[in-house]
Amino acid sequence: MWFFRRMLRVPWTARKTNEEVLKETESTRSLMNRIRRRQAKFVGHIMRREGLENLVTTGRMEGKKSRGRQREKMLDGMTSWMGTKRVTDILSESWDRESWKDMIANAKGQGT
């Protein structure tokens, strides 16, 4: 964001939000979408294998849960980003590589 501000010569005292600067440069935020796409590729890779990584990613661990608010699982973030309602949809789609690639390419992407 700082490079757009420098290109437009916006002083630090100007009360301009990052969204306003993005509108002026007619660009969008792309870093979060890039991170989510890489995470989705990794999840697809892990879900097609049977092993410890698969167990940890899906959250099927034995024992008691720790106290306090539970951490957000990677698959929960993937469901909101891809626009699906259930984690099982993601798990079933990951077995077919072509449909998984299409799912990643057509993800709605909530970018911030």
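L55 is partly exposed, because its relative accessibility is 35%; the class lies between buried (under 20% relative accessible area) and exposed (over 50%), with a 1.4 Å probe and protein chains only. L55 belongs to helix α4, residues 52-58. Helices here are DSSP runs of H or I with at least four residues, numbered from the N terminus. Together with L52 and V56, L55 makes a nonpolar surface patch of about 270 Å². Patch members have over 30% relative accessible area and no salt bridge; nonpolar side chains (Val, Leu, Ile, Met, Phe, Trp, Tyr) are joined within 5 Å, like charges within 9 Å. Areas were computed by the Shrake-Rupley method with a 1.4 Å probe, and for residues only the protein chains shown count as cover.

The model is predicted: local features need pLDDT of at least 70 and side-chain atom pairs pLDDT 80 or more, while totals for chains, interfaces and linings use all residues. Residues are numbered from 1 along each chain as its sequence is written, and side-chain values use heavy atoms, without hydrogens and water.

Helix α3 covers residues 31-47. Its 17 residues should span 24 Å at 1.5 Å a residue, and its end C-alpha atoms are 24 Å apart, which agrees. The expected span is 1.5 Å times one less than the number of residues. R36, A40, V43, G44, I46 and M47 are the buried residues of α3. They cover an arc of only 160° around the axis, so they sit on the same side of α3. The arc is taken from the directions between the helix axis and the C-beta atoms. L31, R38 and K41 are exposed on the other side of α3. The buried residues of α3 pack against α4, α5 (74-82), α6 (87-93) and α7 (97-105). Contact means heavy atoms within 4.5 Å.

Helix α7 was examined in the same way. S99, W100, M103 and I104 are buried in α7. Seen down the axis, these residues fall within an arc of 140°, so they line one face of the helix. An α-helix has 3.6 residues a turn, so residues three or four places apart point the same way. R97, E98 and K101 are exposed on the other side of α7. Packing partners of the buried α7 residues are α3, α5 and α6.

The loop between α6 and α7 holds S94. S94 is buried, because its relative accessible area is 0%. S94 touches G44, M47, R48 and W100, leaving aside residues up to four places away in sequence.

Two salt bridges were counted, each defined as a side-chain nitrogen of Lys or Arg within 4 Å of a carboxyl oxygen of Asp or Glu. One joins K16 to E24, with the closest N and O atoms 2.6 Å apart. K16 is partly exposed at 29% relative accessibility. E24 is also partly exposed, at 42%. The other links D89 and R86, at 3.1 Å from N to O. D89 is partly exposed, with a relative accessible area of 24%.

Backbone angles were also examined. Most residues other than glycine have a negative phi. R9 is not a glycine, yet has a positive phi of about 55°. R9 lies in the loop between α1 (2-8) and α2 (18-25) and is exposed at 76% relative accessibility. E26 also has a positive phi, near 55°. E26 lies in the loop between α2 and α3 and is exposed at 74%.

Technical notes:
Helices (H or I, at least four residues) and strands (E, at least two) are DSSP runs, numbered from the N terminus.
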